[in-house]
Amino acid sequence: MKTNRKMFRAVAATTLVGGLFLASCSSDNSSSAPATDSKASEGTADRGPITFAMGKNDTDKIIPIIEKWNAEHPDEKVELKELAGEADAQRETLVQSLQAKKDDYDVMALDVVWTAEFAANQWIAPLTGDLKVDTSDLLQPTVDSATYKDTLYALPQNTNGQLLFRNTELAPNAPEKWQDLVDACGEVKDKDCLLLQLKQYEGLTVNTTDFMEGWGGSVLGGEEITVDSPDSQAGLRALVDGYKDGVIAKSATATTEEETNLAFVAGDTAFAINWPYMYDNAVESEATNGKFEVQPLVGKDGVGTSTLGGYNNAINVNSKHKATALDFMKFIVNKENQTSFAEAAFPPVLASIYDDNALVEKFPYLPALKTSLENAAPRPVSPFYPAISKAIQDNAYAAITGDKSVEDATKDMKAAIENASK
């Protein structure tokens, strides 16, 4: 269980971020073009020692990689600078340093939801020109999460996607779409059917976005706010109706990932939506070992859309050794190191890893996770993400609990997002 607990902390650090802080100083620079000042272009060919900043919950995966790099590059050693375990504290430390235009962090592991904000503020160097990097071997949604205004600003390091877990004793057949799951719930007796995270925190934002995207909608469509589109409303309505009709467990409005994990591995729910860390826990539990399967999420017409988690590595515009910084980021995503991530239940971004037969035999959820990731969507790419997340949480919760109609909830989401971006 120790490994699983560590994995849960890793998931928490890279997915449960948006609800922890409100819109930041980035708001003044939301329309900034890609950084073109001299700082961004300085040091792009320069080499030397660098520092790498990352939240301490996940550094056990990166330390062996740093040690290998340092053994091969004695004149360009990487010094690890561990940040706090809590995501908001990590971000605060980085923002304070970047606002002061310091170079104490050369490469920074950014939660995927921070990338747009840091890019908009011109705190990180665009990966263009001398810093251009080939991302064709990476899972495309991870690249999308590192892109702001059509410019790549970071190199994905690791990722995460949700899975649909199914207790095969309670629900023998795998659903192909949402209605199949609804129908299966009609056959579940004396147990909850579907458990997911609808407590008023970042997990609610994630699951609400999943449903909107899974019905063909979105929160943002480029520069346009689309959270109140007919498709987005249809997705939220499916979520609301699922809760009202008992398809979704009534306890979901007080449930986080860990409560979901505990309920599923105890055999108390037929279906659960959660991150891959739950797989090992289900294998180890007598109630579910040999009695569960995993698949991608289901949407309106087939495979659904998972929200993307993970870290993107970015270069501080003030770094004096950007060439080394870039090469170290590329080193992290080579096959050997990405394989080590998979071995540590830290989902890699290199697509080929998910087709490695030896790894699939060891981690049978990898094919389902690959499909989930290929169909995943980054959380709204915006420097105002924290405010967007709060708007979604407040109004989705009101709709789920019956305090607002779906139409009013999405209208109020849109108004709050518009107000945050002014």
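The side chains of Arg379 and Glu202 meet in a salt bridge, with 2.7 Å from N to O. Because Arg379 lies in the loop between H15 and helix H16 (385–400) while Glu202 belongs to helix H8 (residues 202–214), the pair ties together parts that are 177 residues apart in sequence. Arg379 and Glu202 are both buried. The model described here is a predicted one.

The chain is divided into domain 1, covering 50–160 + 309–377, and domain 2, covering 161–307 + 379–421, and the centres of the two, taken over C-alpha atoms, are separated by 27 Å. In the interface, 22 residues of domain 1 are in contact with 21 residues of domain 2. The area buried between the domains is about 1800 Å², with carbon and sulfur atoms giving 65% of it; on the side of domain 1, Val113, Tyr365 and Ala377 lose the most area to domain 2, together accounting for 30% of what that side buries.

Between domain 1 and domain 2 the count of salt bridges is one, and two residue pairs are in polar contact across the interface. Helix H5 (115–120), strand E4 (147–148) and helix H15 (366–374) each supply at least two residues of the side of domain 1 that touches domain 2, and H15 gives the most, with five residues. The residues of that side divide into 12 nonpolar, six polar and four charged.

## Further salt bridges

The whole structure holds 22 salt bridges. In one of them, Arg47 pairs with Glu76, the closest N and O atoms being 2.9 Å apart; Arg47 sits in the loop between helix H2 (38–41) and strand E1 (50–55), whereas Glu76 sits in the loop between helix H3 (59–72) and strand E2 (78–83), 29 residues apart. Arg47 is partly exposed at 41% relative accessibility, while Glu76 is buried at 14%.

Asp355 forms a salt bridge with Lys370, the closest N and O atoms lying 2.8 Å apart. Since Asp355 is in the loop between helix H13 (335–343) and helix H14 (357–362) and Lys370 is in helix H15, this pair ties together parts that are 15 residues apart in sequence. Asp355 is partly exposed, with a relative accessible area of 48%, whereas Lys370 counts as buried at 14%. Salt bridges that share partners also join Arg47, Glu76, Asp327 and Lys330 into one network.

## A buried lysine

Lys322, in helix H12 (residues 322–332), is counted as buried because its relative accessible area is 0%, under the 20% cut-off. The side chain of Lys322 reaches the backbone oxygen of Val317 at 2.8 Å, and among the residues that Lys322 touches are Lys39, Glu42, Asp46, Ala125, Leu131 and Asn316.

How values were computed. Residues numbered from 1 in each chain as written. Predicted model: local features only at pLDDT ≥ 70, side-chain atom pairs only at ≥ 80, totals over all residues. Heavy atoms only, no water. Domains from an automatic or database assignment. Contact = heavy atoms within 4.5 Å. Buried area = accessible area lost by both parts, 1.4 Å probe. Salt bridge = Lys/Arg side-chain N within 4 Å of Asp/Glu carboxyl O. Polar contact = N/O pair within 3.5 Å; in protein donor to acceptor, adjacent residues only side chain to side chain. Helix = DSSP H or I, 4+ residues; strand = E, 2+ residues; numbered from the N terminus. Nonpolar A, V, L, I, M, F, W, Y, C, P; charged D, E, K, R; others polar. Buried < 20%, exposed > 50% of the residue type's maximum accessible area, 1.4 Å probe, protein only. Lists of a residue's contacts leave out its neighbours within four places in sequence.
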